[in-house]
Amino acid sequence: MERFIRILQELGAANVVRPPCSRCGRLRPLTNTDGAGLRLCASCGSSNSTPDWACTVCGNNATPHYGLDRTGHEVCRSCFKAECTEDPASDLLQFLAGRPLGVSEDTLRAVIAEVTEGKHTITRRLHWDVQNEPALLTGHADHYSPRTVLLVDRLHHAGATGVSAPKCPHCQRAVRLGHSIKRLRVCGNCYNRSLAEPCKWCSRSRTPAGRDASGAPFCNTCRDKEATCQETCIVCGKYRAVSARTGQGPLCSVCRKPPTMTCTSCGNVRPCFHSTTDSPRCRACLTTPEPCTDCGRTKRVVARVARGPFCENCWEVAPEARKPCEDCGKVERLFHFGRCRRCAGERHLRRLLTPPDGRPRPELDQIAAALLDHNPRRALLYTRESKEAASLLNDLASGVCELSHEALDARSAGHRRDLAVDWFRSVLVAARILPVRDEYLARLERWIEYKTAALDDPEHRQLITAYARWDRVARIRRRARGKTITASTADITQVQISKAVLFLAWLKNQGERLATCRQEHIDLWLTSEPTRALTPPVLSSPGPSAASSPSGSASPPGPIGSPTARSMPTNDGRSPASFSMTTPSRPRTVSLA
């Protein structure tokens, strides 16, 4: 690491600090270590580390210690050379060949050459290790050096009798032991578990992927949230966590794509992983289907336990998938971060609904309880995957948005429905936090306001407003008798009002007004397009009583006509409803035929 930092400084790195010698404090190449594992420079490493040191063989303390003998004790140079032989590789081969391993000398010679790479120092230490502890060939190699573990592993793969694969002393798995904990060779998982610290974002105990300016650790999953790991992506231009760096600049995880080439498994030209190797494979070929332990069908494996692999459907109901929650202790299938759905949802909701001043508010606690009591999993997905939902909860916590139907209506863009706001409103209404109201009627009234505001002609706006409010909506309220209306009722009313808008626009193009409209105009309008006769409007011309009130709202028009019995068949044989129209001078009814 010290050499790596030196090279970074030579290349111009500014935010790295070169470590000094742990004994003299000088900035020199750290080529030695002391007995405690601290790095030393060459001069401190060659000098006598302790004033009372003496060779364990000859007792000489005038010369510095040279190395470790076969028993692991520090000795001087002369005593160390006295135990060395001219050809340690032959000595190691002779020792292994004398044991009943069941492999030929050529195989042993090839294994020794692969492990030692022809270096006498490594070969001599391996020879001393297997001589001092022959049991390391049968499962105790984790107490020795990495080369010793590699020698035992190569002998096991060569088919040596009685030689077992090295196992991790913590998890008892026969995997690569590439790390050490207290002088024991362990696997990567156990090593990472020993370094775990609580993440500053998710509070999970994980191996730190980095630290912020204050030294607080964050895990690899939460790395994307850390501002120090974010830069502007050269493809999308968004400020995100860096997933890869190219010659042109950084890439985010969304824009980072594997290169497109021919998959060696299926032969299709697709984005392939392992592109730098001789066997690039696409994502589909990387996930090899296997028979499920429960159902027996060959499907994609999502989990592996002691019983075997599981497919996605069987893992949903497998007993192994149920574990105790870290917070409440309830045994169920955990959602994430070692927490059940309710605990994970409550943690996330509390973070969103925390006011800026940090003071608890009863209405915010009621909102969190209502969402969790309704459906914890859906509430968690709702707040995590919907940006509108997260923004709504933050605004409620900060006081920007009030907890009322009117404030939630104002968040909808125009007349369009916002599913995030609608679901949130329905949960609060069911929990009796918001009063019950007729949602379909409220949406219809918002739609009418949007529709009338989009009309440019003031006379048409006044007509449609009066027709919608005092005829259609009033009729719906009268027939509902205090009950909620249905979705079809609101849809039909919207179609009728839209037809009325189209009819007034058509009259204007014909050079007519509603007051001068005659039956022949209505017949022409209905027969010009067959679909116009499906939902005929019922309009009335504004009389003096239909003038706008001082407050700006339209007053009820004159008598609203109703369909008459007079009906004329259309060209396609349908008998449409009649059209009632009242003019200021004389009321009359004309048929929509």
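Reader: Which residues does D395 touch, not counting residues up to four places away in sequence?

Author: D395 touches V400, C401 and R411 when residues up to four places away in sequence are not counted, a contact being heavy atoms within 4.5 Å. This is a predicted model, in which local features need pLDDT of at least 70 and side-chain atom pairs count only at pLDDT 80 or more, whereas totals for chains, interfaces and linings use all residues. Residues are numbered from 1 along each chain as its sequence is written, and side-chain values use heavy atoms, with hydrogens and water left out.

Reader: Where is D395 found, and why does D395 count as buried or exposed?

Author: D395 is found in helix α14, residues 387-398, where helices are DSSP runs of H or I with at least four residues, strands are runs of E with at least two, and both are numbered from the N terminus. Its relative accessibility is 19%, and buried means under 20% relative accessible area, exposed over 50% and partly exposed in between, with a 1.4 Å probe and protein chains only; D395 therefore counts as buried.

Reader: What makes S203 buried, exposed or partly exposed?

Author: S203 has a relative accessible area of 37%, so S203 is partly exposed. S203 is found in the loop between β7 (197-198) and β8 (205-206), and has a positive phi of about 65 degrees although it is not a glycine. E117, in the loop between α5 and α6 (120-132), is also a residue other than glycine with a positive phi, near 55 degrees.

Reader: Why are α5 and α7 called roughly antiparallel?

Author: Helix α5 (residues 105-116) and helix α7 (residues 146-157) pack at an angle of about 150 degrees, with their axes 10 Å apart. Axes are lines fitted to C-alpha atoms, for helices over the stretch in contact, and angles run from 0 to 180 degrees between N-to-C directions. Angles under 35 degrees count as roughly parallel, over 145 as roughly antiparallel, 65 to 115 as roughly perpendicular and the rest as oblique, and α5 and α7 are therefore roughly antiparallel to each other. In this pair, L108, V111, E114 and V115 in α5 meet R147, L150, L151, R154 and L155 in α7.

Reader: What makes α17 and α18 roughly antiparallel?

Author: Helix α17 (residues 439-453) and helix α18 (residues 458-480) pack at about 170 degrees, with their axes 10 Å apart, and α17 and α18 are therefore roughly antiparallel to each other. Among the residues that meet are L441, L444 and I448 in α17 and I464, A468 and I476 in α18.

Reader: Which residues of α20 are buried?

Author: In helix α20, residues 519-528, the buried residues are Q519, H521, I522, W525 and L526. They cover an arc of only 160 degrees around the axis, which puts them on the same side of α20, the arc being that of the directions from the helix axis to the C-beta atoms.

Reader: How do you know that β16 and β17 pair?

Author: Two strands pair if DSSP finds at least two bridges between them, and β16 (residues 269-273) and β17 pair in the antiparallel sense over two bridges. C272 stands opposite C282 in β17. The open sheet has three strands in the order β15-β16-β17, with antiparallel pairing, and its edge strands are β15 (260-262) and β17 (281-282), each pairing on one side only.
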